[in-house]
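This report describes selected features of the structure shown below.

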Amino acid sequence: MTATTPVAMTARYALISTRLAYRNVRFLVLTVALPLLLFLLYANLYRGQDAGDGLTVVAYLMVSMASFGCIGAAINTGARIAIERQVGWNRQLRLSALPGSSYLVAKAIVSMLVTLPALILVFLAGATVGGVQLSAGQWLATGLAVWLGLIPFAVLGLVIGFAGSVDTVQPISMITYLGLSILGGLWFPVEAFPEFLQQIAKLTPSYWLADLGRTVVAGQGVPTEAVLVLAGWTLVLGAVGVWAYRRSGTKV
Amino acid sequence: MTTKPIPGPDGAAVRLTGLHKRFGPVHAVRGVDLLIVPGEVVAFLGPNGAGKSTTIDILLGLTRPDAGSVRLFGTDPVTAVQSGRVGAMLQAGALLPDVTVKELVTMFAGLHRHPMPVGTAMELAGVTDIAGRRTQKLSGGQAQRVRFALALVPDPDLLVLDEPTAAMDVEVRRSFWSSMREFTATGRTVLFATHYLQEADQFADRVVVLAGGAVVADGTGAQIKSSVAGRTISAVIDAATADDLARLPGVLGLDRQAGRILLHCNDSDIALRALLAGFPQAHDIEIAAGNLEDAFLELIATSRQDIEQ
């Protein structure tokens, strides 16, 4: 109990909340199992095939499935927030020295940290079963690119947690999760979509998350457009999140 | 950021001025003024819907008043809370699921600037024996004690308790108040809301009666008792309905006790004449001087008439 600065409190609250999130085994299995199984299935089907642009199909799918699992984990933070709000824990927190901004940052950090199992396990499966061969630097760069690209989804989790209630947060999360995954081309390549759907796909953050990951894994550097779109989504969702948080505080 | 705010120039622990709050058509708080000096133990007494919880929420900075101002130790509530000078026990809820009692108290201590040792807070609140239990497995009374530990752990100068004994049985309630006494002996300021008159009378230096969103009386338990001329008529009245008796002139409320009817009156003379005229079968009649219960009922009844007029 020595460090009492807001930064120390934010870190402490983020760590405790992350530990609690990791206690929820059911949630971890769900966000990891489906993308991992799908990846293993695809990896067997498409092993050794080339996707063009210096990318194997398996590496392409590895990035897609890791993104898919991570988006689910990040968005799921919203469910926990909604439960904590319902039991009145957020009122109790407002009676602590933790400022509201620190609380939001801590919850976003939690979202980022709970994505790690899906990211690491799908990549591990890629390296072993999938036979994806990358240099250590490329693995790190790809992992980091996908992980940092998840920031807008972490913020989206907060928005859902403050906009929804315990009853609505599950369906909202599910629809957002599956909607973004499918529309963003994580399940099927966007090129297979009809023209108008392709246009819509390019508005989603999930499309650009996958684009970021695939470009980096193909060793073609960091795509500026993807970074800008993801940053734009982060700003917009951040503003909505702060608004939803303030609004949730005046209710109860 | 780390320096303690200086107490207000008037040295007040709590200063509420002209508070008003509406929720749609409900005028929950209508003009509450209150000054509490450091070291006072004050009870907020009132029936459900009197505005106790809303006033407490405003005092803690959880709800914004439509009008009026709150100063705690000379600063705004959020500053006072963030500097760790205020600990509060909210009504119901407020326990994080999936953690043990000890983890919860430790975590909350970690979110304050100068907390007391977790062990001390848990001992004071009497939750040491359930330290390893998950929060969702607690009984109502145990959960209340954990909330009390959360209120104590910031090591606050002002403790605010919203109906602290609501879910407790008699024995737990007794031990709760004895740990409260330990805490107030150290000179802290306490404000607690209750609708138990006995609690207000026994544990508070000062009782502030709230009805219809306004303060209708403010003083020691004894002062409030003597300020109203309440008396109780007690009698055995066979074959009389409670409704008929409660409607007698001069009667504010009614209780049954061991076969006897207790009529709480603001004018026992008128009530007695009406009782004898209407229910000649009444016998074994006794008239007793008022207690706090009668005073309370009369205050509420009077304030209700004021509001209706």
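B:Asp155 counts as partly exposed because 18 C-beta neighbours lie inside 10 Å, whereas a buried residue has 20 or more. In this predicted model, B:Asp155 occupies the loop between α5 and β6 (158-162) of chain B. Its phi is near 60°, a positive value in a residue other than glycine.

Is B:Phe73 buried or exposed? With 23 other C-beta atoms within 10 Å, B:Phe73 is buried.

## The loop residue B:Ala167

B:Ala167 belongs to the loop that runs between β6 and α6 (170-184) of chain B. This residue is partly exposed, as 18 other C-beta atoms lie within 10 Å.

Which residues does B:Ala167 contact, leaving aside its neighbours within four places in sequence? They are B:Gly140, B:Gly141, B:Ala143 and B:Gln144. B:Arg145 stands 22 residues from B:Ala167 in sequence, and the C-alpha to C-alpha distance between the two is 10.0 Å.

## The sheet β2-β1-β4

In chain B, 3 strands make up an open sheet with the order β2-β1-β4 and antiparallel pairing. The edge positions are taken by β2 (26-36) and β4 (67-72) of chain B; each has a single partner strand, so one side of each lacks a neighbour in the sheet. On average, and with direction ignored, neighbouring strands of this sheet are turned by 20° against each other.

Strand β1 (residues 14-23) of chain B is joined to β2(B) by 8 bridges in the antiparallel sense. Opposite B:Arg15 stands B:Leu35, a residue of β2(B). Helix α1 (residues 52-59) of chain B lies across β1, β2 and β4 of chain B, and its direction makes an angle of about 120° with β1(B).

## Strand β10 and its partners

Strand β10 (residues 231-236) of chain B runs antiparallel to strand β12 (residues 260-265) of chain B, and 5 bridges join them. Strand β13 (residues 283-289) of chain B likewise pairs with β10(B) in the antiparallel sense, over 5 bridges.

Which residues stand opposite B:Ser234 in these strands? In β12(B), the residue opposite B:Ser234 is B:Leu262. In β13(B), the bridge partner of B:Ser234 is B:Glu286.

## Helix α3 of chain B

How many of the residues of α3(B) are buried? The helix is mostly covered, with 7 of its 9 residues buried. These are B:Val101, B:Leu104, B:Val105, B:Thr106, B:Met107, B:Phe108 and B:Ala109.

## The contact between chains A and B

The contact draws on 25 residues from chain B and 20 residues from chain A. On the side of chain B that touches chain A, α2 (77-82) and α3 (101-109) of chain B each supply at least two residues. The most is given by α3(B), with 3 residues.

By class, this side of chain B comprises 17 nonpolar, 6 polar and 2 charged residues.

## Overall organisation of chain B

Chain B contains 11 helices and 13 strands. Of its 309 residues, 47% are buried. Among contacts in chain B between residues at least 6 apart in sequence, 72% link residues at least 24 apart.

The domain assignment divides chain B into domain 1 (14-225) and domain 2 (231-289). A separation of 38 Å lies between the C-alpha centres of domain 1 of chain B and domain 2 of chain B.

Methods: Residues are numbered from 1 along each chain as its sequence is written. Chains are lettered from A and ligands numbered from 1 in the order in which they are written. This is a predicted model: local features need pLDDT of at least 70, side-chain atom pairs count only at pLDDT 80 or more; totals for chains, interfaces and linings use all residues. Two strands pair if DSSP finds at least two bridges between them. Helices (H or I, at least four residues) and strands (E, at least two) are DSSP runs, numbered from the N terminus. Axes are lines fitted to C-alpha atoms, for helices over the stretch in contact, and angles run from 0 to 180 degrees between N-to-C directions. Two residues are in contact if their C-beta atoms, placed from the backbone, lie within 7 Å. Ala, Val, Leu, Ile, Met, Phe, Trp, Tyr, Cys and Pro count as nonpolar, Asp, Glu, Lys and Arg as charged, and the others, Gly among them, as polar. A residue is buried if 20 or more other C-beta atoms lie within 10 Å of its own, exposed if 12 or fewer, and partly exposed in between; C-beta atoms are placed from the backbone. Domain bounds come from an automatic or database domain assignment.
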